[in-house]
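Please read it alongside the model.

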Amino acid sequence: MPQISVTVNGKQHTSEVEPRTLLVHYLRETLSLTGTHIGCDTSQCGACVVHLNGDSVKACTILAVQVDGAEVLTIEGLAHDGVLHPLQEGFWEKHGLQCGYCTPGMIMAAADLLKHNPSPSDDEIRHGLEGNLCRCTGYENIVRAVKYAAEKMNEAPVAAD
Amino acid sequence: MTATEIKERIVGRSLKRREDPKLITGQGQYIDDIKLPGMVHAVLVRSPYAHANIKSIDTSAAKAHPGVVAVFTGEDMMDINPMPAAWQAGGVKNNAITPRALAVGKVAQVGDPVAIVIAEDRYVARDAAALVEVDYEPLDAVVDAKKATEPGAPQLHEGAPGNIVFEWDCGDKAKTDAAFASAEVSVSEPIINQRLIPTPIETRGAIARYDAATSEFTLWITSQAPHVHRLLLTAFVFGISETKLRCITVNVGGGFGQKIFCYNDMAFTMWVARKIGRPVKFIEDRSENYQYSTHGRDHITDAEICGTKDGQISGLRVKTYANIGAYFSTIAAGIPTTLYGRIVTGVYKIPAAYCHVTGTYTNTAMVDAYRGAGRPEASYLIERMIDRFAVEIGMDPAEVRRKNFIQPEDFPYENGLGLLPYDSGNYEPAMNKALEMAGYGDFRAKQAEARQNGKYLGLGMSSYVEICGVAPSAWIGLNGQGWGAGLWESANVRVHLTGKVVVTTGSLPHGQGLETTFAQIVAEELGVPYDDVEVQWGDTQGTPFGYGTYGSRSLTVGGTAIKRSLDKIKAKAKKLAAHMLEANEADIEFEDGKAFVKGSPDQAKTFGEIAAAAALSYSLPEGMEPSLDETSFYDPPNCTFPFGTHISLVEVDAATGHIDLLRYIAVDDCGNQINPMIVEGQIHGGIVQGLAQALYEGAVYDEDGQLLSGTLMDYAVPTAAMVPHIETASTVTPSPVNPLGVKGAGEAGTIASAQCVMNAVIDALSPFGVKHLQMPATPERVWQAIHGK
């Protein structure tokens with residue numbers, strides 16, 4: 001079986017994987033990172049969105065062997081030192097989740113959206129999250145949550161590192 | 001300002017949810033996240049045919065595949081009973097044919113499971129499933145609920161001649177026929193409430209483990225009602241004591257009704273776990289969920305309404321064919337009968353009404369409760385017919401509603417359809433508020449002006465009432481409602497020595513924020529810090545029995561069970577405080593977490609001190625048992641009846657048929673609100689599911705019974721970009737039914753919204769002579785309506 005070496009949430013893993021193993025199954029089954037969810041079998045729902053080398057991808061549409069040498073960020077790696085990412089905070093503050101199943105993918109997709117558009121309008125948020133389905137919230141509070149995060153990220157002083 | 005006014009209340013505040021920290025960091029635990037030592041994976045072989053005899057099944061190649069542990073067929077599992085039929089249509093004969101763990105002899109729908117492959121790995125199980133050879137003899141199929149009853153239609157089950165599940169009616173037929181015979185105006189319309197797929201983003205599944213030493217099962221399920229599943233699986237399917245099964249539900253990724261029911265995967269995972277002595281996991285993929293887990297709605301109706309030329313409604317006559325699917329799902333028959341026919345007159349005083357429902361089998365997925373369950377179908381029907389009637393007599397639809405509303409002084413109101421009396425309501429203020437928010441005063445002028453410029457604006461309204469907080473056991477269980485059980489709830493409240501409080505509930509939160517809401521009630525009532533309250537649920541070992549979370553009943557019924565335990569705790573605490581303060585119990589006041597003699601609040605005993613004294617029991621009043629630990633059962637005296645008015649504004653592009661949903665306004669009255677943020681969130685989500693029915697969603701089968709909308713590529717669950725901003729407001733009419741004064745909010749949005757949008761679309765299309773349009777109002781369908789096709 002092919003061997004891959006991948007950095008997930010800052011930690012390096014070397015694993016043997018079947019060539020057909022999907023990234024989402026590798027994360028969930030091999031690394032036990034079960035925060036990344038599966039909601040469909042046609043790449044529609046977005047519950048499995050993670051970041052691959054900084055860009056959002058649907059982990060059900062990538063093979064584990066394709067991430068050899070790459071950096072992957074999942075929902076488990078988004079908070080730093082116990083401090084929530086502004087999007088996590090926003091989803092909590094604005095009731096942007098109910099059952100929570102779509103939430104990890106929604107937050108990871110929104111993080112990518114804000115990276116490319118730090119001050120999105122409501123309309124831009126709605127279109128930016130078109131690849132993610134939520135069945136609970138009607139999206140109203142997800143839009144509010146993303147706006148909250150955008151405002152908070154724009155207010156924060158630039159980290160000096 | 002008095003002391004009670006200064007005190008910061010916890011009930012009524014929009015506290016952030018305590019459920020969220022784990023869910024936003026990926027630490028939630030859903031069923032597919034569970035791994036047990038030695039666990040194997042199950043994959044099903046499912047029928048590609050909608051209707052066929054099974055001539056033979058060859059499992060030899062699959063069994064020989066490396067990594068396969070076992071392969072079983074339906075014949076192997078004949079030692080367990082078929083799935084139970086828990087809610088049959090009341091007072092009439094039901095031909096209830098339920099599925100077995102796996103199909104035996106024939107299949108009746110696409111996706112019917114015929115064999116199960118057990119392997120060490122999910123990928124291997126799927127490889128091997130493809131090696132199972134099934135020889136089918138295809139039969140003709142029928143998918144339409146009405147055509148299924150016609151002569152010559154393919155017959156699904158021997159025990160259901162004519163594919164009839166039940167024939168049921170309610171109301172007064174003779175009086176209604178007479179009302180129509182003498183009416184000035186009557187209007188009829190064929191109304192189709194299309195089939196929907198609930199689509200929780202988490203699919204369903206089950207994990208079973210069997211301990212041969214104790215002959216005990218543990219079953220992890222993604223469920224809205226684990227206690228009920230435990231009862232049904234043991235008493236009815238396996239014929240074992242319910243003490244031999246523990247059901248555990250962890251985080252549930254959305255339910256919307258689909259996770260209420262007792263499914264065959266619960267039975268076959270248990271059966272296999274016992275057979276092979278290893279834990280077994282089965283998780284549906286999305287296509288399987290769409291093919292085999294329950295669908296909702298699917299009514300074909302002839303509706304007639306009659307009244308006077310000046311807008312007084314005098315009669316409503318309804319004949320409905322309700323599609324039950326290939327088999328009878330757990331509570332399938334209760335939905336299009338008690339929860340539909342009995343509330344089909346909605347918020348109106350209609351003196352004569354009659355509703356006849358025929359439930360039929362077809363070669364489609366089973367149909368059962370989906371968010372709103374019967375009430376959206378009823379509300380859609382009456383609200384469409386009110387608009388249809390208004391157009392017929394040329395009267396403002398708001399005026400027709402106003403003229404026929406049940407009035408505040410009419411409550412408790414009997415609607416003549418065999419329902420319990422509506423508890424309370426005041427419909428006009430909610431409608432007026434919505435009309436004001438929508439700017440209704442000058443809308444018609446704007447609409448006329450826009451039409452001059454070739455723009456087609458439409459405004460639709462929907463005034464709804466629903467049945468929540470189901471239900472008094474003596475009503476739903478007896479007197480012809482057909483529910484084969486009770487519908488009470490129970491709760492235990494236990495105060496630990498340190499004053500920390502644990503609530504265990506039989507309710508099953510799956511996104512509704514019940515942990516937060518229940519903790520708010522406890523903190524408020526006992527005056528303890530909110531963070532000192534823990535709410536536990538989901539494990540039948542350690543929680544008291546509950547019928548589950550659906551029907552917007554968990555706060556009204558489950559919450560009231562908690563309230564009653566709190567009342568008992570407070571009474572005992574008061575008695576103990578009197579003992580501690582050497583005072584007369586009658587002189588003790590309990591307020592804000594402290595007990596004191598009237599007039600001497602400085603000599604108070606805190607709730608923590610009382611809890612410690614109760615737990616240590618060094619000195620208790622004579623006859624008092626140690627500890628503050630109380631269980632209560634609450635069987636409601638009536639259902640609750642939330643209501644409201646929603647309004648939507650649309651613009652239709654006449655060239656393309658595209659609909660732009662410009663505004664959506666919701667004014668809801670769900671009684672008192674414990675956490676308004678959570679209530680609003682429930683309303684938002686409900687509305688979008690309903691407007692999605694109006695504009696986008698529909699489960700489509702072809703004539704051979706193939707599900708054409710079988711994946712999320714084909715079934716149009718809306719994205720954020722497909723739905724509007726939602727404007728909400730509320731009125732508050734406390735329910736007199738329960739001490740919390742709450743009515744329920746989980747389904748209201750869905751019950752109100754489909755017809756709200758359709759009424760707007762049809763209003764916009766009125767210059768083209770369109771009086772009705774079936775859902776979903778896709779651009780193609782709208783374009784055809786504009787062009788008279």
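In this predicted model, helix H6 (residues 226-238) and helix H7 (residues 264-276) of chain B pack with their axes 11 Å apart, at an angle of about 65 degrees. Axes are lines fitted to C-alpha atoms, for helices over the stretch in contact, and angles run from 0 to 180 degrees between N-to-C directions. The crossing of H6(B) and H7(B) is right-handed; that term applies if the near helix is turned clockwise from the far one by less than a right angle, and left-handed if anticlockwise. From H6(B), His229(B), Leu233(B) and Val237(B) meet Met266(B), Ala267(B) and Met270(B) of H7(B). By class, the residues of this contact are five nonpolar, one polar and no charged. Nonpolar covers Ala, Val, Leu, Ile, Met, Phe, Trp, Tyr, Cys and Pro; charged covers Asp, Glu, Lys and Arg; the others, Gly among them, are polar. Contact requires C-beta atoms, placed from the backbone, within 7 Å. Helices (H or I, at least four residues) and strands (E, at least two) are DSSP runs, numbered from the N terminus.

Residues are numbered from 1 along each chain as its sequence is written, and chains are lettered from A and ligands numbered from 1 in the order in which they are written. As the model is predicted, local features need pLDDT of at least 70 and side-chain atom pairs count only at pLDDT 80 or more, while totals for chains, interfaces and linings use all residues.

Strand E2 (residues 52-58) of chain B pairs with two strands, as tabulated. Pairing needs at least two DSSP bridges.

| Partner of E2(B) | Sense | Bridges | Example |
|---|---|---|---|
| E4(B), residues 106-107 | antiparallel | two bridges | Ala52(B) with Val107(B) |
| E6(B), residues 133-138 | antiparallel | six bridges | Asn53(B) with Glu137(B) |

Chain A has five helices and five strands, in the order β-β-α-β-β-β-α-α-α-α from the N terminus. In chain A, 56% of the 161 residues count as buried, meaning 20 or more other C-beta atoms within 10 Å of their own.

Between the chains, 43 residues of chain B are in contact with 43 residues of chain A. On the chain B side, helix H17 (676-695) is among the elements that give two or more residues, and H17(B) gives the most, with seven.

Conventions. Contact = placed C-beta atoms within 7 Å. Buried ≥ 20, exposed ≤ 12 C-beta atoms within 10 Å, placed from the backbone.
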